[in-house]
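Student: I would like to go through this model and ask what stands behind each label. Could we begin with a pair of packed helices?

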Amino acid sequence: MKGRLHSIETFGAVDGPGIRTVFFMQGCPARCLYCHNPDSWSLDGGERDIEIPEILHWAERGRPYHGEKGGVTFSGGEPLLQGEFLAEAIRALHGIGIKSAIDTSGTYVDEYTEAAIAECDLVLLDIKHTDAERFEIIAGRKQDTLFQLIDLINKHDKHVWIRNVVVPDINDTEEDIEALNEFIKKVRHVDKVELLGYHTMAVNKYGKLGITYRLKGVPAMDGERLAQLRALVRVPSAE
Amino acid sequence: MRKEWEGFVTGSWTEQIDVEEFIRLNYKPYDGDDSFLAGPTERTKECYAKVQELLVAERKAGGTLKVDASRIMRINAFGPGYIVPGKDIIVGLQTDEPLKRGICPFGGIKMVREEVAEFGETLPEEIDKMFDYVTTHNDGVFKAYSKEMKQVRHLGFITGLPDAYGRGRIIGDYRRAALYGIDYLIEEKQKDHEMIASRHVMNEENIRTAEEVSNQIIALKEIKKMAESYGFDISGPAKDVKEAIQWTYFAYLAGIKEENGAAMSLGRTSTFIDIYAERDLANGVYTEEQIQEFIDDFILKQRVARHLRTTEYNELFGGDPMWITEGIGGVGMDGRHKVTKNSYRFLQTLYNLGPAPEPNLTVLWSEKLPEPFKQFCAKVSIDTDSIQYENDDKMRPSYGEDYSIACCVSAIQMGQQMQFFGARCNLAKILLLGLNGGIDERTGEKVGPQMEPVGDGPIDFDDAWKRFNVYLEWLMELYVNIMNIIHFMHDKYDFERSQMAFLNSEVKRLMAFGVAGFSVAADSFSAIKYAKVYPIRDENGVIVDFRTEGEFPKYGNDDDRVDEIAVKISERTIEELRKHPTYRNSVHTLSVLTITSNVMYGKKTGNTPDGRRAGTPFAPGANPMHERDNHGAVASLNSVSKINWDTCQDGVSNTFSITPEALGKDRETQVDTLVGLLNGYFERGAHHLNVNVLNRSLLEDAYENPEKYPNLTVRVSGYAVRFNALSKNHQKEVIARTFHQGI
C-alpha cells in the first residue's frame, strides 16, 4: 500500500511529546488563511509515494532518539486524507513497538478515519476557531468534521493535544480563549493545550507558488500578548 | 603512610604512582542534582570583572594585549604574577601579568621572529644571536625533509603540520603533583633513570630515554622553585582541596610556561579533586561556597592563559585557542559513573564566570551517567554554547577508565600515553589529483606518480576510486615519513620535559594522522557514482572544473548509498597509514577533525565534482557539507554516527548547531530534547558532538556589531571560541553552516 508523501523530517521536537520522526503527508482539503505549507495542498503534488517498509525504516533510524516519550507523528497536509494508509502504517509501527501521533486539522473525516484514530496513540488536534462561521472563514471548510472527529476520539478514548493558531484580530481576545476553554471540554482527555502564535515566515512560499496570500499585512503575533493569552488557558483534565 | 593521606582508602597507590587506583578507591559518585551549587563570591566577582576588563582591552588591541620578548619562556623566566594582587586564591600565571605573552623559540625561531615583528617588538640581540648556534625543531625538520615532502606541504595536500612550533597534545598527569608531591616524583624518576641507563644494550632508544628522564628531573626541581616563588612548598603531597587544586595547577602551569604546543589539555582533574573536597567537607575544613570559589579561581586562571601566535597560524587555528581540555564524567570499569559534585562545580563556572571557550570542558557521555547530570549538561549547553560531548562508552573499552582528551577529540590514557600530533591531509585534493593523473589542479605542477588523466566522462566510479587509491597510497607513505621526521626532531630539539615529567618514563605513543575535506570527498564520489560528472579542462588540459548532470545522494541525510562511501574513505586511509612504520613504534590513529583549518583547506582546493566551488571552505571535521543535510537533525547525526570510531580512534568531530525553538517551546522541553538527541546519537555509536543552541541571526548580528557581543561563545570544531576572536572569514564560514531549525 502506498501513501503520498510531502516530506520527512527526521527530527521533530514540537509535534508531540519527545523527539519524533515526522512524516508530512501530501494533500489537504482545507485552505487555511495562515497555512505555512501551501505546497502540501494538492493531492498529486509532493515528493513521491511512500510504502510502509520505508515508514518503518525511518522510524527505526529514529528509535534511539525517541526515548520513552517520542515516536512518529503523521502530519501534513491533512494526514487523515490518507486514513487507510495511516491506519496500516500505525499498526505496522506498533508491531515494532513505536508509538504514533496524528497531527490533524480536523477538516476531513471519511470511512477510514475511525480505523486510523483507533490505531493511534495521540491526536494533535487543531481547533482553528470555536465559532462555526469563523472556522469556515479560516479553513474554507465546515466545522462539522471537527465534531465528528472529536466523537471518534472520545469513542476510542484517545488522548489529545489541542492546538490553536492565534492570529491578530481573528482569535486573539480574552473572550476567544474563554470560548476555547469551553469548547475543548467536549474532548474527554486533553493532555495539553498549545497556543501557537501566527507568524509570517511562509509568505515567500506563496509568492513562489503563485498563490495569493490572504493575510497580507497582518503582523506576526506578539510574543508578550501570546504569553498573556496562554496564562488564560485551562486544561480540562488538569482541573 | 603520609599524614596528608589520612582518611583515604589505601591501596597499591601508596606504594607506587597510581592515580587511577587512588580515584577508584576514593571517589564518591554523585547522583543528585545541581541544587547544592554555590554562586560567585564577592572576591570572585571582583577578579572576574578585572579579567573582563582585560579581555575588552585585548580585543581592542587586535587580539594580543602584550608581548614580552625580553626572555625565553622557561619555568622560572618570570617572577610571580596575579590577576588582582592579594585577591588570587589559586595562584600562578604564565608570565608576570595576565594575558601577557612570551616567546617559545625552541619549536622554531623563525615563527618567533615573525610573531615578534607583527607586534612591533624586537628580539633582544643575545636571543637572536643564540640561534646562530642552537638548532630548533623547525630547523631540524627542514634539514631532513625531501623535495617532495616540501612540495605536498606547499601545495596543500598536507597542511598544518607542527613543524614550525610546539606540537602540543601532550597531557601530563598533573594530579600526580597533588597526590604525591614533587619530591616523590623526582625519586621515582631517578629510579627510572638508573634502570634505563643500566640496561645491557644502550641503543638509541635507551640513550634517548635516559637523557629525557634526566631533563624531566631538572624540570621537576624547577617547578618546585616556581611554586616557592609564589610562597608554596610543593615537595610533599597536598593536604586539602585548595592545595590539591594549587599543586595540580602549578604542574600544569609549568607546561604552558615553556611550551607553545597547539593544544595543551589539562586532563581529567575534576573527580580527582572532588575526593579532597569531600574529605574537607566531611571534616568541616572548607564549605561548599569556599570550594566553589577555589574552582572558580582555578578556571579563571586558565581563561587568561595565552600563547603568542602569527596571523598565518591563526588562519589555521582560529580564535586564539589553548585547548585546555578537561574531561568530565564518564564511567569506571566497575560500572559506577564518575560524576561527582566537582563535575557540577566545573560546569557551574560557566554561570559564576559567564560563558567562555576555555577551559575546553568536555563531558564524557555515557548511557550510565545519572539523569540529573545529563539534564544539567544540556541546560549548560543551551545557556552557554561552551561545552562538548564525547562518547565514553566508545572510548572506555580502548583507553580504560582514566583517559583524557588531547585537543578536541583525541583520547589518551592518563600518565601512560602521549600523542604525536600530525595535522591532516586533504582528501578532496587527493581525488582531484587522481583525476588529473598527478597534476595539481590549482598550479598545474606535477606531483606524485604520473598517469593518464581521466577521459572526457562521464567519469566511471570504479576508475575514479582506483585513481584515488593510487594517490592515497602514495601520499600516506609520505605522510608517515613526514610525521616521523617531525617527531624525531621535536623530541631532539624541543622535548617537553615539564609535561613529560608527569608521565611514565617509558610511555606508549600514538601517532595521530588526520583528514580534511571528508564530506566533500564523499559527496564528490557520490556525484560520480549516481549522477553524471564530466570534467572541464583548461587550455593546458588540466581538469579545473566539472559539469555534473542529475541528482546524487549527499552525506548527512542518513542515506547509505553515500554514507558507505564516506565510511570506506576513512577505512582506506587508516589501512594505508598502517602499512608504514612509525617513529618510536607509535600506534597509527586517525581523526576526522579540522579545527578551523577547513577554511584554509578549502582555499587551497579547486572545484570539486560535488559542485563545491574552488576556494570555498570545507565543512568542519566529519560534518556534512553546509546545508546539504536537509532531512533533519536526526538524519544528519545518523550519517556521522556511521563513521566507525574503531578506524578513527583519534576522533570523529561533529559540530552541531540547532535553534532553541527547534528543541522545544519551553526550557524544560528543550533540555529534555537535547538529552534525547545526545542519548540517541551516542547510542548509535557516534563519537563526538559540539553543541550550539542559537539562531543564525544572532551570529549575523554579532558579525556586524561585534561590540554588542563581547562574551558570545560558540563551539566551532572540537573547541569553542569567542565569536569576536575569529577572523571575518572564519565567522562567515560558521554562519554558513547548517542550523537545524523547527519545522
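Tutor: Helix α20 (residues 518-530) of chain B and helix α21 (residues 560-578) of chain B pack with their axes 9 Å apart, at an angle of about 130°. The model is predicted: local features need pLDDT of at least 70, side-chain atom pairs count only at pLDDT 80 or more, and totals for chains, interfaces and linings use all residues. Residues are numbered from 1 along each chain as its sequence is written, and chains are lettered from A and ligands numbered from 1 in the order in which they are written.

Student: Why are α20(B) and α21(B) called oblique to each other?

Tutor: Axes are lines fitted to C-alpha atoms, for helices over the stretch in contact, and angles run from 0 to 180 degrees between N-to-C directions. Angles under 35 degrees count as roughly parallel, over 145 as roughly antiparallel, 65 to 115 as roughly perpendicular, and the rest as oblique. The angle here is about 130°, and α20(B) and α21(B) are therefore oblique. The helices themselves are DSSP runs (H or I, at least four residues; strands are E, at least two), numbered from the N terminus.

Student: Which hand does the crossing of α20(B) and α21(B) have?

Tutor: α20(B) passes α21(B) in a right-handed crossing. A crossing is right-handed if the near helix is turned clockwise from the far one by less than a right angle, and left-handed if anticlockwise.

Student: Which residues of α20(B) and α21(B) meet?

Tutor: Contact requires C-beta atoms, placed from the backbone, to lie within 7 Å. On the α20(B) side the residues are B:Phe518, B:Ala521, B:Ala522, B:Asp523, B:Phe525, B:Ser526 and B:Tyr530, and they meet B:Arg561, B:Val562, B:Ile565, B:Ala566 and B:Ile569 in α21(B). By class, that contact has nine nonpolar, one polar and two charged residues. Ala, Val, Leu, Ile, Met, Phe, Trp, Tyr, Cys and Pro count as nonpolar, Asp, Glu, Lys and Arg as charged, and the others, Gly among them, as polar.

Student: What makes α26(B) and α27(B) roughly antiparallel?

Tutor: The axes of α26 (residues 696-704) and α27 (residues 728-736) of chain B come within 10 Å and cross at roughly 165°. That value falls in the antiparallel class, so α26(B) and α27(B) are roughly antiparallel to each other. The crossing of α26(B) past α27(B) is left-handed. B:Arg696, B:Leu699, B:Glu700 and B:Tyr703 in α26(B) meet B:Gln731, B:Val734 and B:Ile735 in α27(B). These residues divide into four nonpolar, one polar and two charged.

Student: Why are α6(B) and α18(B) put in the perpendicular class?

Tutor: Helix α6 (residues 147-155) and helix α18 (residues 461-493) of chain B have axes that come within 11 Å and cross at roughly 105°. α6(B) and α18(B) are therefore roughly perpendicular. B:Glu148, B:Met149 and B:Val152 in α6(B) meet B:Leu475, B:Leu478 and B:Ile482 in α18(B). The contact has five nonpolar, no polar and one charged residues.

Student: How do you know that B:Asp558 is buried?

Tutor: A residue is buried if 20 or more other C-beta atoms lie within 10 Å of its own, exposed if 12 or fewer, and partly exposed in between, with C-beta atoms placed from the backbone. B:Asp558 has 26 such neighbours, so it counts as buried. B:Asp558 sits in the loop between β13 (543-549) and α21 of chain B, and its phi is near 55°, a positive value in a residue other than glycine.

Student: What makes B:Ile595 buried?

Tutor: B:Ile595 has 29 other C-beta atoms within 10 Å, so it is buried. Its phi is near 55°, again positive in a residue other than glycine. B:Ile595 is in the loop between β14 (587-592) and α22 (597-603) of chain B.

Student: What kind of peptide bond joins B:Gly457 and B:Pro458?

Tutor: The bond is cis, with omega about 0°. B:Pro458 lies in the loop between α17 (427-435) and α18 of chain B. A cis peptide bond also joins B:Glu358 and B:Pro359, with omega about -10°, and B:Pro359 is in the loop between α14 (341-352) and β5 (360-365) of chain B.

Student: Why is chain B called as compact as a globular protein of its length?

Tutor: Chain B comes to 27 helices and 20 strands. Its radius of gyration is 25 Å, close to the 27 Å from the globule rule for 743 residues, so chain B is as compact as a globular protein of that length. The radius is taken over C-alpha atoms, and the rule is 2.2 Å times the number of residues to the power 0.38. Buried residues make up 58% of the 743 residues in chain B.

Note on methods. Two residues are in contact if their C-beta atoms, placed from the backbone, lie within 7 Å.
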